[in-house]
Amino acid sequence: MARQTSTGDMYFYAGAAGGKFAPKARIFTNWKTYAQITGVGDITGDGRPDLLGHDRDGGLWRYNGLGNGSFAPRVKVFSGWGRSYNAVVGVGDLSGDGRNDIVVRDPAGKLFRNNGNGKGSFGARTQIATGWQTYKGIF
């Protein structure tokens, strides 16, 4: 997946033989609304990878993967969620409960974990670290 800066268009690059990528396929247009987009693995429990979009108004949106390089229409996960978060990362199962989680960072450099519920949403945040403001990004 890649987002073009000038247009906000999202492209899917399928894997191809020989460790290469197939030609890009545009799957969304004008995704400039989102401050951050992240792949989070399967957060809905259907065995297909999903995406999260964190909009500039603090909304968190989920796009359920369809398993064919495309995604279902967006579903709101949270409103007014982490308006100041400057990084959102899908980290797999960090909590050890068998469900994918996310880690977010605020401008002060605090890291928080939100445990996935396995149904496409997350529990309350738990602070897990400080001092991460010096890093440009977290992956």
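Me: Two strands pair if DSSP finds at least two bridges between them. What makes strand 6 (residues 34–41) and strand 7 a pair?

Reply: Six bridges join strand 6 to strand 7, against a requirement of at least two, so the two strands pair. They run antiparallel. The model is a predicted one, in which local features need pLDDT of at least 70, side-chain atom pairs count only at pLDDT 80 or more, and totals for chains, interfaces and linings use all residues. Residues are numbered from 1 along each chain as its sequence is written, and side-chain values use heavy atoms, with hydrogens and water left out.

Me: What partner does strand 7 have in strand 8 (residues 60–63), and over how many bridges?

Reply: Strand 7 and strand 8 pair over four bridges, in the antiparallel sense. Within this pairing, His 54 has Leu 60 of strand 8 as its bridge partner. The two strands form a hairpin with four residues between them, and there Gly 58 takes a positive phi near 95°.

Me: Which strands make up the open sheet, and in what order?

Reply: The open sheet has four strands in the order 6-7-8-9, with antiparallel pairing. The numbers count from the N terminus, strands being DSSP runs of E with at least two residues.

Me: Why are strand 6 and strand 9 (75–78) said to stand at the edges?

Reply: Strand 6 and strand 9 each have a single partner strand, so one side of each is left without a neighbour in the sheet.

Me: How do you know whether strand 7 is mostly covered or mostly open?

Reply: Six of the six residues in strand 7 (residues 50–55) are buried, where buried means under 20% relative accessible area, exposed means over 50% and partly exposed lies in between (1.4 Å probe, protein chains only). Strand 7 is therefore described as mostly covered. Asp 50, Leu 52 and His 54 point one way from strand 7, Leu 51, Gly 53 and Asp 55 point the other way, and all are buried. In a regular strand the side chains alternate between the two faces of the sheet.

Me: Why is the contact of Arg 26 and Asp 9 called a salt bridge?

Reply: The N to O distance between the side chains of Arg 26 and Asp 9 is 3.2 Å. A salt bridge requires a side-chain nitrogen of Lys or Arg within 4 Å of a carboxyl oxygen of Asp or Glu, so this pair qualifies. It links distant parts of the chain: Arg 26 lies in strand 5 (residues 25–28) and Asp 9 in the loop between strand 1 (2–3) and strand 2 (10–12), 17 residues apart. A search of the whole structure finds one salt bridge.

Me: What makes Arg 26 exposed or buried, and what of Asp 9?

Reply: Arg 26 has a relative accessible area of 53% and is therefore exposed. Asp 9, at 7% relative accessibility, counts as buried.

Me: How is Ile 27 classed?

Reply: Ile 27, placed in strand 5, has a relative accessible area of 23% and is partly exposed. The C-alpha atoms of Ile 27 and Gly 8 are separated by 11 Å, with the residues 19 apart along the chain.
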